[in-house]
Amino acid sequence: MLLSAAMIEIRALAANPGRSKHPDGHLAEIRLIADVCHNLPGADRPPPPGEYDGLVCTWQTAGDFQRSWLRKHLTGAGVDTAFLEQAPSLPRPATAPGTWPTWERWQIPRDPKTFIAVGSSTLAGLVRQAHSADHYPTHGPARTAFLEWFLEHLHPEGRHVLRPSRPGETLFQPDGPNDLRQYRALVTMSDGALVVDHPRLREADVAALPTNLHLLRRLLLAVVPARRAERDAGLWARHHRATASDCRLCRVN
Ligand SMILES: [Zn+2]
């Protein structure tokens, strides 16, 4: 619906530049419309299963002109945009790949004990075990394929940090069945980028791991709200697929 509206508007703007309502003219308007649609779920390929909340993500990264364009067309199609306006902030794309969190502002460490570090094969094992116990209705073969693709792209020497999601953080799926819970993970990818992921893991599997992080490191992770400098796994995946055409790991698939 948005895409066909965009095609019609872009064609009309190209034919009749005078119609443009953007202060920088018709080319600027065409570019903004094309950009906002490029990020829409399903714009250039089937919806990537790991990339939750695609429309929310598009909304939150859109500029004012693009938001009013989306609002006009969604409202025109009878879609209430309140869910977009009120959605909690998703993690933003990083300006530079992988940096450790910085001390931006203090926050009382609520749960330093819950942080643990795992290597890539441990993390992959946790994710696969949980996934095989998971029967969430939207999970199909595409979701499994994305998970495997993602796990193959973990840095082989990565030390990934896990903690349970906290109350008030976006819950992408309800907890359960059984002891499946959402975790927040700082994951190091094959290109060294540090990304945020929200894997569903079995609480019992995580509890069975040794608490191996030094207390100082745990305190550091607990006090630092690192979100601003991080990008989420879905954005990393999209960027990687768009730019790393020579990736050896992608070619295997
Ligand atoms: Zn790749």
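Helices (H or I, at least four residues) and strands (E, at least two) are DSSP runs, numbered from the N terminus. On that basis, the chain holds eleven helices and six strands. The model is a predicted one, in which local features need pLDDT of at least 70 and side-chain atom pairs count only at pLDDT 80 or more, while totals for chains, interfaces and linings use all residues. Residues are numbered from 1 along each chain as its sequence is written.

**Confidence**

Begin by colouring the chain by pLDDT, the predictor's confidence in each residue, from 0 to 100. The chain averages 77, and 77% of the residues score at least 70. Strand β5 (residues 200-202) has the highest confidence, at 95, and helix α9 (residues 215-223) the lowest, at a mean of 70. Next, select residues 43-52, where pLDDT stays under 50. The model has 22 contacts beyond four places in sequence for this stretch, two residues being in contact if their C-beta atoms, placed from the backbone, lie within 7 Å. Residues 94-108 also stay under 50, with 23 such contacts. Where pLDDT is low, the predicted coordinates should not be read in detail.

**Helix α4**

Select residues 64-76, which form helix α4 with its 13 residues. From first C-alpha to last the helix reaches 18 Å, close to the 18 Å expected at 1.5 Å a residue; the expected span is 1.5 Å times one less than the number of residues. Just after α4, Gly-78 takes a positive phi of about 80°.

Move to the loop between β2 (159-164) and β3, where Pro-177 lies. The peptide bond from Gly-176 to Pro-177 is cis, with omega near 0°. Asn-178 is in the loop between β2 and β3 and has a positive phi of about 55°, although it is not a glycine. Is Asn-178 buried or exposed? A residue is buried if 20 or more other C-beta atoms lie within 10 Å of its own, exposed if 12 or fewer, and partly exposed in between, with C-beta atoms placed from the backbone. Asn-178 is exposed, with 11 other C-beta atoms within 10 Å.

Two strands pair if DSSP finds at least two bridges between them. Ala-185 stands opposite Asp-197 in β4. Five residues lie between the strands of this hairpin, in which Gly-192 takes a positive phi near 90°.

Arg-231 in β6 is the bridge partner of Val-195.

**The cores**

Of the 253 residues of the chain, 23% count as buried. A nonpolar core is a set of buried Ala, Val, Leu, Ile, Met, Phe, Trp, Tyr and Cys residues joined through C-beta atoms within 7 Å. The largest has 26 residues; select Val-187, Met-189, Val-195, Ala-233 and Trp-236, which have the most contacts inside it. At least two residues of this core come from each of β1 (116-119), α6 (120-132), β3, β4 and α10 (233-243). β3 gives the largest share, five residues. Another core lies apart from it, with nine residues, among them Leu-2, Trp-59, Trp-69 and Leu-70.

Finish at α10, where Ala-233, Gly-234, Leu-235, Trp-236, Arg-238 and His-240 are buried. The buried residues of α10 pack against α7 (141-152), β3, β4 and β6.
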